[in-house]
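This report describes a single-chain model for a computational reader. Please keep the sequence and the coordinates at hand while reading.

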Amino acid sequence: STPIKSSAASDVYKRQEHAYASTAPDFQAVDPKFKTEKAKAIFRKLEENGYIHTEDSSYVWGVSQAEYGYMVYIVSDLLDIKHPSSNRILWQVFRGVFSNAESMEKTAQVAVSKYLSCYDSYKAWPKEAIKIRNILM
């Protein structure tokens with residue numbers, strides 16, 4: 001995302017930040033797609049179902065690394081967080097939302113390529129991935 005240079009733009013940005021639910025982390029340098037009503041609903045569902053919790057100013061993924069990958073794969077589609085030309089998942093963007101994202105990335109990426117992206121239909125996915133999909137859809 002591009003840095004905000006003018007103080008007026010910065011003030012507007014700060015006011016927008018305060019408009020979001022007080023229970024959600026206060027994201028500063030996060031992709032705007034994570035700040036939509038749709039994104040807030042996704043994070044609320046993940047929290048209600050025990051996948052994430054809030055710690056300091058970010059979310060913490062609380063289940064397996066493979067399930068983190070499944071969630072990133074699904075949320076990337078739901079929020080259209082993909083590379084504009086290659087349509088690849090932008091894993092690093094999720095680091096701004098999840099404090100433990102970077103440590104899980106490699107295992108999560110392997111799980112996605114082995115168990116999700118190779119199938120035409122989600123019906124062939126592992127049950128853990130289907131469960132996350134059903135919660136978020």
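## Basis and confidence

The structure is a predicted model, in which local features need pLDDT of at least 70 and side-chain atom pairs count only at pLDDT 80 or more, while totals for chains, interfaces and linings use all residues. Residues are numbered from 1 along each chain as its sequence is written, and side-chain values use heavy atoms, with hydrogens and water left out.

pLDDT is the predictor's confidence in each residue, on a scale from 0 to 100. Its mean over the chain is 83, and 79% of the residues reach 70 or more. Over residues 1-22 the pLDDT stays under 50. For that segment the model has 14 contacts beyond four places in sequence, a contact being a pair of heavy atoms within 4.5 Å.

## Overall fold

The chain contains five helices and two strands. These elements are DSSP runs numbered from the N terminus, with helices being H or I of at least four residues and strands being E of at least two. Along the sequence they follow the pattern α-α-β-β-α-α-α.

Of the 137 residues of the chain, 39% count as buried. Buried denotes under 20% relative accessible area, exposed over 50%, and partly exposed the range in between, with a 1.4 Å probe and protein chains only. Among contacts in the chain with a separation of 6 or more, 54% come from residues 24 or more positions apart.

## Salt bridges

A salt bridge is defined here as a side-chain nitrogen of Lys or Arg within 4 Å of a carboxyl oxygen of Asp or Glu. The count by this rule is six. One of them joins the side chains of Lys40 and Glu37, with an N to O distance of 2.9 Å. The two residues are three residues apart in helix α2 (residues 37-48), and are therefore separated by about one helical turn. An α-helix has 3.6 residues a turn, so residues three or four places apart point the same way. Lys40 is buried, at 15% relative accessible area, whereas Glu37 is exposed, at 57%.

Another salt bridge links Glu102 and Arg95 at 3.6 Å, N to O. Glu102 counts as exposed at 53% relative accessibility, and Arg95 as partly exposed at 36%. Together with Glu105, these residues are linked in a network of salt bridges.

## Two residues of the α3-α4 loop

Which residues does Lys82 touch, apart from those up to four places away in sequence? They are Ser76, Asp77, Asn87, Arg88, Ile89 and Leu90. Lys82 lies in the loop between α3 and α4 and is buried, with a relative accessible area of 15%. Its side chain forms a salt bridge with that of Asp77 (2.8 Å, N to O). Asp77 is partly exposed, with a relative accessible area of 48%.

Asp80 also lies in the loop between α3 and α4. This residue is partly exposed, at 48% relative accessible area. Leaving aside neighbours within four places in sequence, Asp80 is in contact with Lys33 and Val75. Asp80 and Lys33 are 47 residues apart along the chain, yet their C-alpha atoms are separated by 7.9 Å.

Helix α4 (residues 101-115) has 15 residues and reaches 19 Å from its first C-alpha to its last. This is close to the expected 21 Å at 1.5 Å a residue, where the expected span is 1.5 Å times one less than the number of residues. A kink of about 35° is centred on Thr107; the bend at a residue is the angle between axes fitted to the seven residues ending there and the seven starting there.

The buried residues of α4 are Ala101, Met104, Glu105, Ala108, Ala111 and Val112. They pack against β2 (58-61) and α3 (65-78).

In helix α5 (residues 127-136), the buried residues are Ala129, Ile130, Ile132, Arg133, Ile135 and Leu136. The buried residues of α5 pack against α2 and α3.
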